[in-house]
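Please read it alongside the sequence and the coordinates.

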Amino acid sequence: MPDPHPPAIWWLRRDLRLADNPALLAALAEGPVLPLFVSDPVLRQGAGRARATWLAAALVDLDGELREAGGPGLSVVEGRPEDVVRRVAAEVGAGTVHVSADFGPYGRRRDTRVAEALAADGRSLRATGSPYAVAPGTLLNQYGTPFQVFSPFHRAWSARGVHGPAEPVDPTAVTWVASEQRVPLEDADADLLPFVGERHARAAWQAWLDREAEGPAGYKRLHDLPAPDATAHVSKALRWGHLHPRTLLADLAGLDGEGPAAFARQVVWRDFYADVLWNRPDAIRSPVQPRFRDFERDDPATSGVAAARLDAWQQGRTGYPLVDAGMRQLLAECWMHNRVRLVVGSFLVKDLHLPWEDGAAWFMEHLHDGDVASNQLNWQWVAGCGNDPSPFYRVFNPTLQSTKFDPDGAYIRRWVPELAGVSGKHVHEPWLAPEGLPPGYPAPVVDHKAERLEALERYQQVRG
């Protein structure tokens, strides 16, 4: 006799959590659930060291949580998704595979292939929910076309509103099953495990909500300052789906003041860039504004000077303290403060005249929270070639940014120990210190004033 209640498959991708998960709820409505993660060779190859390390730890954490609930744990199966999902569905007799919709270019192509493979066996792929507060492709302007500028998108997003969190799941009440095809989990970085997963993300988010001066109330005032560490640090949790933005917005909804609204605005930026990439999948590699395809840039592949400058930027050896502090934080923590990301990005493309794609690739290699839509389109914003770009004439002065957002140099001294003993304002311009540059710290790799003029000249050519 066939099983009257065959399991449904819950195929996890960017929703590594049990709470506020509509796709999991849809699977539970059918009966027993097989939680499946496909180790996709395409994604493994392009993941980057930092994201691969985070993912390994996140899978171990989720597997542990499922086992604590009395189940056999997470089924990780290696191979092409269209092959793996079809095989596992056939193995357990699942009629439906439930997912949270993926709106990235690769994810859309992959899911089409999987849906076709399942359909050949009379099975279906069903998407419920998404990683975003408002799913890409939902909002259109008055002409029925996608938004090109953030501010009107923000207004439409606010007018539409956001659904509340999905109903909670008691994992101990679920009948969990496993696939016989699963492979052992990769070893996780023991130092990373205490910081990964849904339970840690929820606790860290709640701790930030409970902070007084440096929590939601102070966010608008402090979020541009890297030294106080006043940001919520939820970008990794959102990237991997340990928390859903609905959860964050619901927790902020009852709070007064400008801080919670300023934080919510950052969530909207995330939705906006996902929407842009949905409509312009070529933006991963190509400028949104076509005229920038001929923009003059220095090529590290053909110029030794450009290659040396790229290396100095990557290693935090440019001679500009705030830039170097940010790049060293990236290497040490696989994360960087948002204001500093803008400064180092502007420095790469407008002081060093290097391709934004080189910066985007370095970030994706080294960020735990590397997200294709946010990363590529933020880099295009800085480079001035995106759909809602930074004005071409905006060239961040790394010294002025340093004195404005790290006035006492606390962030710089934390990440650039060579400058720890430099007194007062000279920490921002150590080449002007009476005692000269401290041992081991480089002179500026370029002159900002001269390179700003060069950048403006190049941008004028494209603008004209």
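In the contact between helices α13 and α15, M327, L330 and L331 of α13 meet W362, F363 and H366 of α15. By class, this contact of α13 with α15 comprises 5 nonpolar residues, 1 polar residue and no charged residues. The model is a predicted one.

**Helix α15 and its neighbours**

- The axes of α13 and α15 come within 9 Å and cross at roughly 35°.
- Helix α15 covers residues 356-366 and packs against α16 at an angle of about 145°, the two axes lying 10 Å apart.
- The crossing in which α15 passes α16 is right-handed.
- On the α15 side of this contact are W356, G359, A360, F363 and M364, which meet V372, N375, Q376, W379, Q380 and A383 of α16.
- The residues of the contact of α15 with α16 divide into 7 nonpolar, 4 polar and no charged.
- F363 takes part in both contacts, meeting residues of α13 and residues of α16.
- The buried residues of α15 are W356, G359, A360, W362, F363, M364 and H366.
- The cover over these buried residues of α15 includes α3, α12 (304-315), α13 (321-333), α14 (338-351) and α16.

**Q380 in helix α16**

- Q380 is located in helix α16, which spans residues 372-383.
- Q380 has a relative accessible area of 0% and is therefore buried.
- Leaving aside residues up to four places away in sequence, Q380 touches A283, S286, P287, V288, W356, C385 and G386.
- One of these contacts, W356, is also listed among the α15 residues that meet α16.

**The parallel sheet**

- An open sheet is formed by 5 strands in the order β3-β2-β1-β4-β5, with parallel pairing.
- From one strand to the next, the twist averages 30°.
- Strands β1 (residues 8-12) and β2 (residues 33-39) pair in the parallel sense over 5 bridges.
- Within this pairing, V33 in β2 is the bridge partner of A8, and P35 in β2 is the bridge partner of W10.
- Strands β1 and β4 run parallel and are joined by 2 bridges, with I9 standing opposite V97 in β4.
- Strands β4 and β5, also parallel, are joined by 4 bridges; here R126 in β5 is the bridge partner of H98.

**Burial of strand β1**

- Strand β1 is mostly covered, with 5 of its 5 residues buried.
- A8, W10 and L12 point one way from β1, while I9 and W11 point the other way; all are buried.

- A right-handed β-α-β unit is made by β1, helix α1 (residues 22-28) and β2.
- A further right-handed β-α-β unit consists of β4, α5 and β5.
- Helix α5 (residues 105-119) lies across β1, β4 and β5, and runs at about 140° to β5.
- Helix α4 (residues 81-92) lies across β1, β2, β3 and β4 (96-99), and runs at about 155° to β2.

**L55 in helix α3**

- L55 is found in helix α3, which comprises residues 49-68.
- Not counting residues up to four places away in sequence, L55 touches L16, F37 and W240.
- F37, one of these contacts, falls within the residue range of β2, 33-39.
- L55 and D324 are 269 residues apart in sequence, and their C-alpha atoms are 28 Å apart in space.

**E167 in a loop**

- E167 lies in the loop between α6 (150-160) and α7 (198-210).
- E167 counts as exposed because its relative accessibility is 56%.
- Although E167 and A19 are 148 residues apart along the chain, their C-alpha atoms are separated by 7.8 Å.

Technical notes. Residues are numbered from 1 along each chain as its sequence is written. This is a predicted model: local features need pLDDT of at least 70, side-chain atom pairs count only at pLDDT 80 or more; totals for chains, interfaces and linings use all residues. Side-chain values use heavy atoms; hydrogens and water are left out. Two strands pair if DSSP finds at least two bridges between them. Axes are lines fitted to C-alpha atoms, for helices over the stretch in contact, and angles run from 0 to 180 degrees between N-to-C directions. Contact means heavy atoms within 4.5 Å. Buried means under 20% relative accessible area, exposed over 50%, partly exposed in between (1.4 Å probe, protein chains only). A crossing is left-handed if the near helix is turned anticlockwise from the far one by less than a right angle, and right-handed if clockwise. Ala, Val, Leu, Ile, Met, Phe, Trp, Tyr, Cys and Pro count as nonpolar, Asp, Glu, Lys and Arg as charged, and the others, Gly among them, as polar. A crossover is right-handed if, with the strands pointing away from the viewer, the path from the first strand over the helix to the second runs clockwise.
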